[in-house]
Amino acid sequence: MRIAIAGAGNVGRSIAQELIDNGHQVMLIERQPKMLRPDRVPAADWVLADACELASLEEANLAGCEVVVAATGDDKVNLVVSLLAKTEFAVPRVVARVNRAENEWLFTEQWGVDVAVSKPRVMAALVEEAVTVGDLVRLMTFRQGEANLVEITLPPTAPYVGQPIHAVPLPRDAALVAILRGKRVLVPSPDDPIEAGDELIFVCTAAVEDEVRAVILGPDSVGRNRERP
């Protein structure tokens, strides 16, 4: 994919290098000359421009990108970049960095944001994912589609432990996308059994989270639901 990243600070450069290592073509857009450091990510295309200016984005051919990442340290800039990318250039996927937790409510599809990434939220989710067994943990929200990435670590008492995946009656708008078993990542197939200790990764809408929890952990688990970050 061709991916544009607005902001060439530590966060933007780290994202760029990771994406390049995974085979993607990356363009870094930075407005401060002192932050232009092509030697740090030599495989990226570096552009000195203001990502909040329409003309600069046109010159950089933002419309030719499949993904735009707004990764600056300024939430106002990230919102403007996201809105321009979506409304002016019809970029299919816009990911925005949230720097201040109190601004997170702004990062919605109305501002062109498909996925908002907040460090405190992600850190809290990862902590919960590491220590929580027998409950549903929301890892990430895909705002435009109103879908969530959620994780459940199976306790030995879960109703479908030892049974194949095809026997698990998941609701509509929910899909099991991966099973983490020890150090392995398994792509689920219908005949694979699920085991105690498995970390099940689902994509589902918020509306069916309780149904997923009830199926995987039993009906009484819904009453134990705790508010997630």
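Predicted model: local features only at pLDDT ≥ 70, side-chain atom pairs only at ≥ 80, totals over all residues.
**Largest pocket**

- Two or more lining residues of the largest pocket come from each of helix H1 (10–21), strand S2 (25–30) and helix H3 (75–87), and among the contributing elements H1 gives the most, with three residues.
- Sorted by class, the lining of the largest pocket comprises ten nonpolar, seven polar and five charged residues.

**Second largest pocket**

- The lining of the second largest pocket is made up of Arg-93, Val-95, Val-115, Val-117, Met-140 and Phe-142, with strand S5 (93–98), strand S6 (115–118) and strand S7 (136–142) each supplying at least two of the lining residues.
- In terms of class, the lining of the second largest pocket has five nonpolar residues and one charged residue, with no polar residues.

**Cavities**

- The second largest cavity contains about 40 Å³ of space, and its lining consists of Ile-165, Val-168, Leu-170, Leu-176, Ile-194, Leu-200, Phe-202 and Ile-216.
- The lining of the second largest cavity has eight nonpolar residues, with no polar and no charged residues.

Methods: Residues numbered from 1 in each chain as written. Heavy atoms only, no water. 1 Å grid on protein atoms, 1.4 Å probe; cavity = no way out; pocket = protein on both sides within 12 Å on 5 of 7 lines; lining within 4 Å. Points joined across faces, edges and corners; volume = space filled by probe spheres on them. Nonpolar A, V, L, I, M, F, W, Y, C, P; charged D, E, K, R; others polar. Helix = DSSP H or I, 4+ residues; strand = E, 2+ residues; numbered from the N terminus.
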